[in-house]
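Here are some notes for a colleague who has not seen this structure before. Please read them with the model open.

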Amino acid sequence: MLDPIAAVLVSIFIVKVSIRLMLPAVNDLLEKSLPKETEDEILAIVDEVEGIRFPHNLLTRRIGNNYAIEMHVRVNGSMPVAEAHQKTREIETKLRERFGPATHVAVHVESLKE
């Protein structure tokens, strides 16, 4: 009588562990966003860059052990393109310093009419 009960309990533990192991893999395959704390940290890093305003359309995901970060930012409409490009490079550098050199970063610049 105890053997079937023990077998059912062991089966329940096996299913529980397999689900716990499977969920992170499924989230990675579905390209789930990074945790809110990480996204807030990304926005805080972007806010440190002078001349960059209103970061929005933030998209994040894992690619293997690395992160992919994409966003739109606004800059002064009269800012030269070379300067706006330098600002995006500064954002990329800061994010790669924090999250690793293999981090994919894409920043789209939009004009802010003032």
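Notes on the predicted model

1. D40 counts as partly exposed because its relative accessibility is 37%; here buried means under 20% relative accessible area, exposed over 50%, and partly exposed in between, with a 1.4 Å probe and protein chains only. Its side chain meets that of K36 in a salt bridge, at 3.0 Å from N to O. A salt bridge is taken as a side-chain nitrogen of Lys or Arg within 4 Å of a carboxyl oxygen of Asp or Glu. K36 is exposed, with a relative accessible area of 58%. D40 and K36 are four residues apart in helix α2 (residues 36-47), so about one helical turn separates them.

2. On the basis of these notes: this is a predicted model, in which local features need pLDDT of at least 70 and side-chain atom pairs count only at pLDDT 80 or more, while totals for chains, interfaces and linings use all residues. Residues are numbered from 1 along each chain as its sequence is written, and side-chain values use heavy atoms, with hydrogens and water left out. Helices (H or I, at least four residues) and strands (E, at least two) are DSSP runs, numbered from the N terminus.

3. The count of salt bridges comes to seven. One of them joins R89 and E92, with the closest N and O atoms 3.6 Å apart; both residues lie in helix α3, three residues apart, about one turn of the helix. E92 also meets R96 in a salt bridge of 3.7 Å, N to O. E92 and R96 are four residues apart in helix α3, so they too are separated by about one helical turn. Through shared partners, the salt bridges join R89, E92 and R96 into one network.

4. R89 is partly exposed, with a relative accessible area of 42%, and R96 is partly exposed at 28%.

5. There is one aromatic pair in the count. Rings of Phe, Tyr and Trp (its six-membered ring) pair if their centres lie within 6.5 Å; planes under 30 degrees apart count as stacked, over 60 as edge-to-face and the rest as tilted. The ring centres of Y67 and F99 are 5.4 Å apart and the planes are at 55 degrees, so the pair is tilted. The pair links distant parts of the chain, with Y67 in strand β2 and F99 in helix α3 (residues 81-99), 32 residues apart. Y67 and F99 are both buried.

6. Strands β1 (residues 53-63) and β2 (residues 66-76) pair in the antiparallel sense over seven bridges; two strands pair if DSSP finds at least two bridges between them. R61 stands opposite A68 in β2. The hairpin of β1 and β2 has two residues between the strands, and G64 there takes a positive phi near 65 degrees.

7. V107 lies in strand β3 (residues 104-112). V107 is buried, with a relative accessible area of 17%. Leaving aside neighbours within four places in sequence, V107 is in contact (heavy atoms within 4.5 Å) with M71, V73, T88 and I91. E70 is 37 residues from V107 in sequence, yet the C-alpha to C-alpha distance is 5.9 Å.
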